[in-house]
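I opened this structure to see what holds its parts to one another. My notes follow in the order I looked things up.

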Amino acid sequence: MTTLNVQTENILNNSIEVTSFNDAAAAERDITISSSSVTDYEEKPVYDVVKRICDIICSLTALLVLSPMMVIVMVLIMIDDFGNPVYTQERVGKGGKIFRIYKFRSMYKKADKIREELMARDECKGATFKMKNGPRITRIGHFIRKTSIDELPQLVNILKGDMSVIGPRPFIPREQANLPDDRLLVNPGLSCYWQVGGKNSLTKDEQIALDRKYVADRSLAVDVKIIIKTILFVFKNGNS
């Protein structure tokens with residue numbers, strides 16, 4: 001088992017249940033979520049309100065401060081491979097609601113069309129498809145991925161309420177179909193436990209366990225801890 005920066009042994013010993021999410025639910029844009037798989041899950045209305053206020057303040061401030069750099073990045077993306085510099089994709093959010101996530105485009109146009117051809121070269125042990133130096137990635141794309149700059153447009157998702165600064169990472173519908181639905185009890189986030197505890201080197205079961213740990217343990221103190229670790233991780237490793 002991979003050694004992590006957080007204690008996950010007890011959760012990893014739990015059985016992993018497969019989500020009820022399916023294509024029909026995706027088409028309806030909503031599903032019913034059960035909390036039975038998460039240890040000690042409880043509603044936290046005060047925390048939810050405070051967290052939403054913090055999300056709005058943090059995302060709005062970051063957008064204002066980083067907007068000049070974001071404009072430069074968009075220009076560089078268009079110079080490298082002319083086209084829309086912002087990539088959108090359907091992801092599964094809280095309660096199974098589908099939303100469109102925003103990212104700076106790090107791949108060549110129509111890269112999704114050759115994804116299936118590259119599945120055999122998947123380098124990720126987790127729930128999503130990843131190739132570190134895949135042929136779909138542009139020159140500027142390698143840089144913005146390495147520095148996590150490609151994630152900055154998700155600040156708009158946070159401002160809109162689709163996401164939070166901290167929470168389980170949102171997956172596309174076909175990936176979420178192979179994951180437990182209890183990770184959808186809270187808003188997805190820009191960063192989470194497994195983003196700073198091994199990321200794509202973790203197995204799917206380990207990622208699930210860490211998402212469940214966050215859903216059960218979530219608090220402002222936990223969120224601040226993950227934010228600090230995320231900042232340190234990006235600056236230390238230069239790796240998204």
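Salt bridges. I searched the whole structure, a predicted model, and the search gave 11 salt bridges. I took arginine 139 and aspartate 80 to begin with; their closest N and O atoms are 2.9 Å apart. Arginine 139 belongs to helix 5 and aspartate 80 to helix 3, so this pair ties together parts that are 59 residues apart in sequence. Arginine 139 is exposed, at 64% relative accessible area, whereas aspartate 80 counts as buried at 15%.

Next I looked up aspartate 81, whose side chain meets that of arginine 105 in a salt bridge of 2.7 Å, N to O. Aspartate 81 sits in the loop between helix 3 and strand 1, and arginine 105 in the loop between strand 2 and helix 4 (115-118), so parts 24 residues apart in sequence are tied together. Aspartate 81 is buried at 13% relative accessible area, and arginine 105 is buried at 7%.

I also noted aspartate 162 with lysine 160, where the closest N and O atoms are 3.7 Å apart. Here aspartate 162 counts as buried at 16%, while lysine 160 is partly exposed at 48%. Elsewhere I found Lys103, Asp150, Glu151 and Arg169 linked in a network of salt bridges.

Helix contact. I went back to helix 3 (residues 45-80) and helix 5 (residues 139-146): their axes come within 8 Å and cross at roughly 145°. Which residues meet there? From helix 3 I listed Val73, Leu76, Ile77 and Asp80; from helix 5, Arg139, Ile140 and Ile144. I sorted the residues of this contact into 5 nonpolar, no polar and 2 charged.

Hairpin. Strand 1 (residues 86-92) and strand 2 (residues 98-104) run antiparallel and are joined by 7 bridges. I checked arginine 91 and found its bridge partner in strand 2 to be phenylalanine 99. The two strands form a hairpin with 5 residues between them, and glycine 95 in the turn has a positive phi of about 70°.

Aromatic pairs. My search of the whole structure found 2. Phenylalanine 171 and tryptophan 194 are stacked, 6.3 Å centre to centre with 5° between the planes. Both phenylalanine 171 and tryptophan 194 are buried. Tyrosine 193 and tyrosine 214 are edge-to-face, 6.3 Å centre to centre with 80° between the planes. Tyrosine 193 is in the loop between strand 4 and helix 8 and tyrosine 214 is in helix 8, 21 residues apart. Tyrosine 193 and tyrosine 214 are buried too.

Note on methods. Residues numbered from 1 in each chain as written. Heavy atoms only, no water. Phe/Tyr/Trp six-rings, centres within 6.5 Å; stacked < 30°, edge-to-face > 60°. Buried < 20%, exposed > 50% of the residue type's maximum accessible area, 1.4 Å probe, protein only. Helix = DSSP H or I, 4+ residues; strand = E, 2+ residues; numbered from the N terminus. Axes fitted to C-alpha atoms, helices over the stretch in contact; angles between N-to-C directions. Contact = heavy atoms within 4.5 Å. Nonpolar A, V, L, I, M, F, W, Y, C, P; charged D, E, K, R; others polar. Pairing = 2+ DSSP bridges. Salt bridge = Lys/Arg side-chain N within 4 Å of Asp/Glu carboxyl O.
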